[in-house]
Each structure stands twice: as structure tokens, then as C-alpha cells.
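What follows is a walk through a structural model, taken chain by chain. Please keep the coordinates open while reading.

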Amino acid sequence: MDNYLPIFVLLVLGFLFAALSFTASAILAPRRPSVAKAAPYECGIVPRNEPPERFPVRFYLVAMIFIVFDIEIVFLYPWAVEFRALGTFGLVEILVFAAAVVIAFLYLLSNGALEWGPARRSAHWSSARTTASTVLHISPAPSDPRLSQASGGEAPEHETPAEELAEGSSEAPARAHPHEAA
Amino acid sequence: MLHAAYLMPLFPLAGFAVLAVFGRKIGNPLAGWLATGTVTASFAIALVTLAGMIGEPASHRSFVETLFTWIPVSALHVQVGFLIDPLSLVMVLFVTGVSAVIHWYSIGYMAHDEGYARFFVYLNLFVASMLILVMASNLVFTFVGWEGVGLCSYFLIAFWYDRPAAASAGKKAFIMNRVGDAGFLLAMFVLFNALHTLSIPAILAHLGDLSTGTATAAALLLFLAATGKSAQIPLFTWLPDAMEGPTPVSALIHAATMVTAGVYLMVRMSPLLHRATDVSEVIAIVGVATALVAATIASTQNDIKKVIAYSTVSQIGYMFLAVGVGAYTAAIFLMVAHAFYKSLLFLSAGSVIHGLHDEQDIKKMGGLRKFMPWTFAAFMAGWLAIAGVPPLSAFWAKGAVLVHAFSYDIGLWIVGAITAVFTAYYMGREFYIVFYGDERWRRLEVIKGDPHESPWVMRGPLVILSVLAAIGGLLDLPFHPHLDFLSSWLAPVVGSVSRHSSVGVGGEWALAITDSVLAVIGVTLAWRLWRVTADARHLEPAFLQRAWLVDETYDKIFARGGEALAGFLANVVEAKIIDGAVNGTASGLRWMGSGLRRIQTGYVRNYAIGIVLGLVAILAWMLVRAGV
Amino acid sequence: MSLFFLSALVLPKIAWSAILPELILLAAPLVLLAVSALSARRLPTGVYAGGMGAAGLASLGASVWLWTQVTPHGAGTAVDGAIAVDGFSVLVMILVSSVVVLAALIGEGYLRREGIGGPEYYVLAMFSAAGAMLMASADDLVLIFLGLEIMSIALYVLAGLDARRQGSGEAAMKYFLLGAFSSAIFLYGIALVYGATGSTNLPQIADFLAHNVASSDGLLLAGMALLLVGFFFKIAAVPFHMWTPDVYQGSPTPVTGFMAAVAKAGGFAALLRVFFASFGLLRDDWQPVIWLVAVVTLLVGAVLALVQRDVKRMLAYSSINHAGFILVGLEAATTRGIAASLYYLFVYGFMVVGTFAVVTVIARRGDEAHDLGSYRGLAQRQPFLAAMLALLLLAQAGVPLTTGFLAKLYIISAAVEAHSYALAVIAMVSAAIAAFFYLRVVVLMYAGAKSGVGLPAPLAATGAGEGAGSGELSPVAAYGPGAASAAELEGDRPEASRPDGAGGGEGHGEPDAAGVPATIALAIALCAGFTLLFGIWAQPVVELARQATLLFH
């Protein structure tokens, strides 16, 4: 039974940490909501209809890429501890492991996973573009007429990529929107 | 000896494959020649095999050529293999030989048909299936061929499927054959259950292990299969309808080869019949009855092909008579001779039909001998041959059957002899109506101008078959032990189970003379009655013209459910119970499907609930097992 | 007491050759990924396809070589008992490698048609295949789980490959969520089994059970139940099947074919091994479960397929039906039953990949024309495709002279031998029901054909006549034979035989009788050829499956 004690302690600690965070935030944070604050962020433009929940995919992606390396480190620690016992075999193994992760990272880089500027994309993906493609593939293909416009500098300055992604959901309305506001 | 039996079905099969894919590109007439070539190649291989086999001593003339195991599941080991022995070789020789000739003829006959290539696709597939049927070394493989020829027959009967009559004739043939096939399947089950093998040599070797009851059951079921395929009572009505197919098909499938498969099956399994003597008697009676009934019907038909079709039924009846009385060699002899003269008759009829632009009613023909001399001569040769006029082939072949029937039971012989008179008569009737008398087609304006003789490509086969029909008797001459080639050839296979005739040489002479007299009587009758006039209604009773009302009776009993007997019951049974069961099953399944489909909501949460419910159920079971 | 057990580590001796096929299929995608990342220009999809094809062939070669090693020397283990090197695993490797080659061929044609570049399809497919192989050869529950995850995660992404169609994303999402759920259940099952037996190693579990017969305790049985659920999900057994139609329908069609073959191969291989080899002693506990699940799977799969109008959905239910058949072999719990299941699995892989390859072509650009209407009169427009599809569907229906027939025969005879008569009867009934919807497609394809050499027109006409009687009820009937014969009547006008679903294709301005991409045609021909050749010349594959089971570790 002794063996399980640390696990139990860890469990309790974890719960405590989570509970504390929530409580602290609930107690400490000032809360003064207004209509404007509650409205979804739309570049200062008054939303005409209830927009769907939006999330800037790019942040999640970076977080996920981080997790990959996080896991790599999780494996590197025990290997480092047992380095001598594992010997050459361990070295080779860890190199293979690292190589796999690096190749994956290279692939991500080549696909522009870490580019934050306006789209400059390797066009692995087809021209037809929908919500799904946008969500899955960070930013759209250059063959999209809208995007070539954007990279040509004609797009409004405030239109961040993340937003654009979200807006890309339905082509025509998204385009019409700014013009109308103007 | 050449051990390459697999090549024989392989050639037509390859022809089938090539024509099925490229047939239309190869086109007319090359496709036909290609098909003919493949069958001729098979014939050549059969000849080489024959030559090799003749060199062997009689006891070494049988071998099994196994290619591979087809179904190796549990105790059931079905092998794709060929049993080559004198019997199957005879069959192969005449199947490929006659097929080649008829393929050749079809090149001319089908020349103007838009389904030209398709026709040869089916024809080649048929030959391949027939060869498999004949050579298969186990019953399952035989059944593959059996079904294959049935399928091809169905396709070819319904070849002009835009004609309703052809389509429904195809269906009729298919359904009647299914009844027979059920017998075949059941026979296989019975035999496998008793002997744990379906290999033909093994079955025949272990017949001693069968109880008499089992042997009788198996033999009866096989005979049921044979009656379906070979159009015997009670399943004979499909064959005349099958004449809706193109004439070469009638000649090849519905006269020479496929319809004799039942006889072959009986001969192949003759040791089984030997153990089930009751069945032999049934076969003999059914055979001779069919022979007589069909001959009477043939005497009154007005369709040029239906006369020949009923004649085929009648002749196969003779073969079954031979099988029933234990004269297996005579059955095969008659089968081969029949293949010659019956394909000759069909092809001549086809030539007439061709010349008169698809007219088949003999009452609209007449006086054609001037316009189609070749066809006239060929038809006459066929007629005299089938009539049993000495020394043409049927005289010997039918004579052999009748001798054995006589020695078995004189009653059978009497019926057979009467049938012989009818045979000479009905074919003569057709001959005279078609080729003599007034030129009725002129008055009825069947065609414009005069009928034309068929092209060479069709006349060639007629000549060959005429010669064969005339001299076919040479295969097996009685009277002298050195002249009965076929009997001694087949002796290793059927010799031990054949019944030998107790008629002495004198008796044989007497019977032969009687046969000749009977043939001459029939011929004379036809000449007297039909040479001048084609209009003699009193000689064509409606009862016979409508084929003893068998179709109508079947229609009443099976299709309309016995209206006269209990119309009310029929309505209920058919509409409510039978239809209800069929439609009900289908709709019930659909209803179930639609109901079940509602579970498929498309929501992941519902799917997850499904998983959880399943998990809970399995867990519950396991925990019950654990006794928690 | 110490948390970190710091005694000297014993390094396992690794027999690299034993896992060579997996290694090839893990290394090749890494190479492809690196190439695609480092190359300046976009590479044509054919390059990746070539790479995948080569990797598939290499792994096929390695598998066959392993077979030649296993056959004379018998089964063994490698990598410290974690990998089983036996005929069973090697046969699955051969199957999966073949499917990889076929998937490369089909994917090339598909991706080129759809204009989708990049190495993703190929890379993920190979990873997935490696996972399936690992599942088949793993001799340890943890390793099975590892293989399961490698296989599944790649499949999740593959399902969502066609980003333009919402259905594809939906499929990926559903598959992922439910897959993760079932993986968790599976993992929990491993934990329980470990708790009960003290090992995750399959032979050691078997050993433990052999020495502790009385200990069929709740912990172990609950663990088994959870493991079963995990497997049932992967092989799409009812009631864990509900993801299947949605995912099969939504995924890009080549992926569906790949998924159907590989996921089933991996899942079933592990299921058969774990339950037959390790939990064999507890068969009284799990056999009834398999029995019931097999029955429900057989019937639900067949019945629900009847009411589908979307061919991919129909094939999804048909694959559920097939899973039921394979379960029948496991239920028999005899060597012959396992051999039958393995044979079924093997030939099913080729049938299903070929079928979906044809569906891929027929769907045309956009991958959306899956309605039954698209198949009407196909024989006239695409005689090759129609003939191949007819063959493959008839094989799935279990028509003699195809591998499908032998597979069903083998399964049913195994069930009969194990005295599971009821199950054998139910399996036959379900096969009869299933035959209907396969034949419906075949009839539909040939009904529009007026004349031609391809296949017999009378056959089509009869089919139409037979179906018409029973088909007055449902929307299905409108697409069934009745409507087909109507189309036949007006068959002289070329418009009449055009499919209803042609709209999608016309939008892209493609001609109706667009050619079949050569690579896909090759794959289809290979599958159909396999199905027909080994349906007629049955012995080799049947013998292979039998030997594989004899060489069971």
C-alpha cells in the first residue's frame, strides 16, 4: 500500500491546485461586465448577428507543437539519468527518437505552422476552401483570390490572420461585411 | 498419352474471355472464326488424347488429372480435376467435334445479327462448361459444368431477349432446370453424407458401403436431375419452347450436347444404377413413355423447329430406355448418332428458316426442293437416318437399344417399336410439307422473290453432318465381335455393369429386319399422306397439337394453384400466405432497417451511449460469471 | 520502498529482422516527410506514391521473407517476449503490406484527381499500416495498445484528409472522439488484467491462468470485458459500430477502403490472438459474449445495409456484416475457426480495397457521387469498372468461384464443426439478406445496358423482374430494380441512362465517361484478380491461413 501513497499525495495536490486557481480567480478578479465587453470581438464593428464561437486556431497549434517537445523532454530525462547503463544502444535510440520529432517539426515549419504574418503558404492544399480547411490548415492557399489580395497589401490592416481564418468560414458574407460597414 | 485434358476446356474458356472483352472490336466475322478455332483446337487435343489412349492397354485407359484443390474445407475436399477415360473421351470427341461444326455454321447463320459477338461469347462458354461437365472428376465440379451449361442455355434461349416469347421461354427452361438441379444437389448431399467424398472414382469404388435405400435415393435424385436437363417426363415442356433461341443453339445445345448430359450422368453413375435396380426400371419406363408421347406430339406440330424439338425429346427417351435396360453402350451410341443426324436436321431447318427470312411455320412453306437443293438433300439424309432406314446411323443405334429392350421386357420393345414408326412418320411429314407440294409461301407472300440457298459457310457443315449421319453406324456394328468398336472401347467403364442381351444372333437379325420394316412403314405413311397436300386437319388432333395439354395442366396445377379445385383457397394461399411471406420478409426487413436506422442519429454523444450500454451489458455478464 | 527502482537495467535483445516490416513502414514515412519538408519545390504526388509503393513492396518482401523463416523454424518471440514471430502475425503483415501497395496506387489517382498535394496521405497511411502490423505481432497488451494508437491516430487524421468536404471533417471528429473513448476503455482493461494476473505479456497471462484455474475473479473478467469493448469498437461490431457508417461515408473514399481493410486486420488480429491464445482457458466466459455480438452484428449489418441509398454507407454496413462473420470464426474457438477467420480477414482485405477503389473512380471529382443512382447503367459507360465492381460485390455476397464464397464456407463449416449450429444458420441467413443489396447494385449497373458483349442482358432483365415484386415499399425500391427496368424501356435515348448523380461531375466539366486513372485501374484489377484467381484456385491461400494458425505462437 505504501507504494501508492505518493500517487495519492500527487492526486490531492493536483486537486488542490486546480481548486485554488479557480477560487483565487473568482475571489481576486474584478468583474464589471458591460454590453460592449460581453460582445464578441469584431474589430470595433457592431456585430449584426450572433456570431459563432471563435477561437484562433494558431494558438492551439503552437501549444500542440509545444506538447510534442514537452513529451520528448519527458523521455529525455529518464534517458539522461540512466545514460551510462543504457550505453550506445540508448544513445542511438534517443537519437532516432529525436530525429523523428525533428522531422515532424521540419514538416510543420515547411507548412508554415510558425508563421504569423499574412499568408505565404506552401500550397499543399487545394484551392477550394471551407471552414473545415481553414480550421485544419492554419491559413489558406495562395490560389485563393481573397488571399492574393491580402498579401498584396490591399486587405485592411486590422485584419489579423487569426481573424481572417475565422471569417473565412463562408466566403461571400465575409467579404461583403467590411464594405458594407464602410 | 497426352495428359493435358485441362487444355480442352481452357481453349473455349479463353475464347470466351477474349470475346467477352474485345468481342465487339474483333467484330464480324473474325469473332466467329476465333470461337470456331478454339473449339477446333479442343477437338484436336481430344484426338491426340484418343490416339494416345488407343496405344494403352484397355485397363490403363482411365486416369484422373488433378489440377488443384478447389475447396479444401474440413472433410470436403473438392478438387478441380478431370477424369479421362474411354467414356468421357467419347463424349469430349463428339461434343467438340459437333460444336466445331456448328460454330462454323453459325458464322453464316448469325452474320446479320447485331448480337454476333455476344452469340459466340455464350457459345464458347457453353462448350467450356459442357467439357467441364463431361470431364469433371467429382460431382461438385460436374455440377459447376451442369449449372454452366444451364446458364448458357438460358442466355441463348433468351438471346433475342427483346422478344417476349424468347424471354419467357428462357425463364421456363431455367425454372424447370432448377427443379432438376435440386435433385442433383440433394443427391450430392446424400452421397457425401454416406461416403464422405464426392470424387466420382471414389464414390464408384465405395458403392458397396451404400445401403440399398441410400443408393436408390441417390439414383432417383440423380435421375430427377437428368429429367430436368434432358427434358424427360415430367420436365420436358421447356425444350420445345427453347426453340425460341437461334437455330444453331437448338442444334448444339438442345439436340446434340446439353440435353444429353442427363444420359451421360446416368451412364457415368451406372454402377450406382446397377445397385439400384428399381430405379433402372423407373428410368426405362419413363424413357420409353417420353419417347412415345413426344413422338405423337411431333407428328402434329406446325413449327419446323418444334417438330424436331419433340423428336429430340423422343430420341432422348430412347436413350433413357437404353440406360434403364442396362444397355449403356447403346445409350452412348444412340447419343452420338443422334448428335449427328439431329444437328443435321436442325441446321437444315435453320437453312430453310434463313432462306425464308425467319419463317418457321411449315404450313407456309412447300415446294422448296427446287430452290434449296443442298438443304433438301441434307434434310432427306437426316430424315432417313433418324427413321432408321438401313444402313444409316439410327438403324444401328436405335436397333441396339431395341434389341436390349426386347431382351429386358417385350412390353418396352413394343412401345419402342411403335415410337419408331412415329419417328419415321413425323419427320417424313415435315419433309414433304416443307420440300414438296404447292409453293404456299408465294401465295402468302412470306418473302419477295424466290428463297435462296444458304451460303457455303452454312452448306459445308451440312455436308459434313450428312456424311456422319449416314455412316455413323460404323461406330458399333453388331453381328461380329471385331466390328463393335464402341462396345469394346467402353467396356472398361460400363462393361461390368451392363446387362447383356439374351437375344441370339438369329434374334438380332429378326429384330433388325423388323426395324427396317417399321421404318419403311413410317416413311411410306408420310409419303402417302403428305406428299401432295399440307392440309389434313384430321391427322393433327388438337390434343396432340397442344402437347397432351401438359403445359396447360402444369399451368393449372402449379401456376394458377388449381383454380377449379379450390379457387378460394388459391387466392388465400397465394395472395396472403405466399406473396405475403415473400413480400412480408422483404418489407419486414426494410421495416426493421428503418426502425434500426433511427438509432443512427449522427450524434457522437448517442454513439458513445451505445458504446457505454454495450460495455455495461458485457461487464454485467462478466460480473455475473464471476459471481459478484 | 522506493519510487524509482534503480537496479541495473537489462537491455532487451532486439531481433531487428522480426520487426523489419514495421520498421520499413515507420522509416519510409519519416523519409517522405523529410523530403517534402526540405525540397524547395512542391513534389508531384506521384513521387510520394512511388515512395509508398516501394516501401509497401519492401515490407511485403520482408514479410514474405519472415514467412520463409517462420515456416521451417516454427514460431518464436522477439524483443524480450514482446513480439510474437509466428505465422499468424506474418500473414497479417503480408496482408497489410499488400494493402499499402494498393493504397499507394489508389491514393495517387485520387489525390491527383482531387488536386490535393503533399505527403500527408501516404505518410499517415504507412504509419497506420505499421500500427496494424504491430497489433498483429504484439505479444504484450501494452504493445497492442501502442499499435492500436499508432494505427488509430493516423486514421483519424486520414479520415479528415479531404478538407473541402465538411463530411470529411465530421468523420474525423467523430472517429477521433469515439476512438479516444474506446482506447481509454481498452487501456483500463489492460490495467485490470494486469492487476489480476500480474503481467501484460500474453504468454505470461496464459501461463498464470493455467496455474490458477480457480481465479476467474471479477477483476480479470471485468478487464476482459473492457478489452473486448476496445476491440469491438475497432472492428465495428454491434453495438459499438455506430461510428462506422458516418466515418466510412465521410472519409475520402480511398481512405475508407484502406481503413476498412487495415483497421479490421489489426483489430481482429489482436482480438483473435488475445482471446484465443491468452484467454483461451476462459472461453466459457467470453464465448457467449462473442456469440451474441456476432449474431447482432451479422443481422444489424445486413438489415441496415438494405435501407441505404448511399453506396459508401451501404458498404459500411456490409463491412459490419463481414465483421460478424469473422467473429463467428472466433466464437468457434477452434484452430479451424481461427484459420477461417484469418482467411476471411485476408481475402476480405482485397475485396474491400478493390470495391472502394471502384467507388472512388465512380464518385468522380469532388468525391461526392455516391448515390445508388450514379451506378445505374454503369455497364454501358464504364464496362471495365462495372465488371470489376460486379465481381467484387458478388464476391462479398459469397458467390462461388470467388474467395468470398470460400471464406463464408470456411467460417460456416468451422462453426458447424464446433457445434454452433444456431450461429451457422444465422450467418447463412444474414448472408442471404446481404446478397440482396449487393445484387441490387449489380443489377442497377447492368439494367441500363441495352446490348453489348460485357455481360448477359437476360441476367439483368431477370433480376429486374425478380426484384420488382418485392420492391414496392420503400425509397430504396425506387432505386431498385423496378426503376431500373423503367430505365431500360427508355434505354434508346442516351440521356435516359445518365445517372442522377451526374450533376456533381458536370459541374467540373468532366466528360461522363472519364477515363479510369491507370494506377487505380491497376489496383482494381489486382484486387479483382486476386479475388477471382484464388477463388478458383483456392488451395494456396486456404493453406496459407491454415499454416499460419498452426504456427500460432
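**Confidence and chain A**

Chain A has a mean pLDDT of 68, with 53% of its residues scoring at least 70; pLDDT is the predictor's confidence in each residue, from 0 to 100. This is a predicted model, in which local features need pLDDT of at least 70 and side-chain atom pairs count only at pLDDT 80 or more, while totals for chains, interfaces and linings use all residues. Residues are numbered from 1 along each chain as its sequence is written, and chains are lettered from A and ligands numbered from 1 in the order in which they are written.

Within chain A, helix H1 (residues 5–28) has the highest confidence, at 91, and helix H8 (residues 171–181) the lowest, at a mean of 38. Residues 122–127 of chain A have pLDDT below 50, and this stretch has 22 contacts in the model beyond near neighbours in sequence. Two residues are in contact if their C-beta atoms, placed from the backbone, lie within 7 Å. Over residues 133–182 of chain A the pLDDT also stays under 50, and the model has 69 contacts there beyond four places in sequence. For the model as a whole, the scores are ipTM 0.81 and pTM 0.67.

Chain A contains eight helices and zero strands. Helices (H or I, at least four residues) and strands (E, at least two) are DSSP runs, numbered from the N terminus. Of the 182 residues in chain A, 11% are buried. A residue is buried if 20 or more other C-beta atoms lie within 10 Å of its own, exposed if 12 or fewer, and partly exposed in between, with C-beta atoms placed from the backbone. Among the contacts in chain A with a separation of 6 or more, 47% are between residues 24 or more positions apart.

Helix H15 (residues 328–355) of chain B has 28 residues, and its first and last C-alpha atoms are 40 Å apart, close to the 40 Å expected at 1.5 Å a residue. The expected span of a helix is 1.5 Å times one less than its number of residues. H15(B) has a kink of about 25°, centred on B:His338; the bend at a residue is the angle between axes fitted to the seven residues ending there and the seven starting there. Of the 28 residues in H15(B), 27 are buried. After H15(B) comes B:His357, with a positive phi near 55°.

Helix H22 (residues 505–530) of chain B has 26 residues, which should span 38 Å at 1.5 Å a residue; the end C-alpha atoms are 37 Å apart, which agrees. Its buried residues include B:Leu511, B:Asp515, B:Leu518, B:Gly522 and B:Ala526. An α-helix has 3.6 residues a turn, so residues three or four places apart point the same way. The buried residues of H22(B) pack against helices H16 (373–387), H17 (393–408) and H18 (410–435) of chain B.

**Where B meets C**

In the interface between these chains, 52 residues of chain B are in contact with 51 residues of chain C. Elements giving two or more residues to the chain B side include strand S1 (63–73), helix H6 (164–195), helix H25 (563–597) and helix H26 (604–626) of chain B. H26(B) supplies the largest share, 15 residues. By type, the chain B side has 32 nonpolar, 13 polar and seven charged residues; Ala, Val, Leu, Ile, Met, Phe, Trp, Tyr, Cys and Pro count as nonpolar, Asp, Glu, Lys and Arg as charged, and the others, Gly among them, as polar.

Chain C has 23 helices and two strands, and 66% of its 553 residues are buried. Of its contacts between residues at least 6 apart in sequence, 79% join residues at least 24 apart. The mean pLDDT of chain C is 83, with 85% of its residues at 70 or more. Residues 449–513 of chain C have pLDDT below 50, and this stretch has 127 contacts in the model beyond near neighbours in sequence.

C:Leu141 lies in helix H5 (residues 141–159) of chain C. Why is C:Leu141 buried? C:Leu141 is buried because 26 other C-beta atoms lie within 10 Å. Beyond four places in sequence, its contacts are C:Ile190, C:Val193, C:Thr200 and C:Leu202.

The largest nonpolar core has 453 residues, and those with the most contacts inside it are B:Ala331, C:Met126 and C:Tyr343. A nonpolar core is a set of buried Ala, Val, Leu, Ile, Met, Phe, Trp, Tyr and Cys residues joined through C-beta atoms within 7 Å. Helix H13 (residues 335–363) of chain C gives the largest share of this core, 21 residues.
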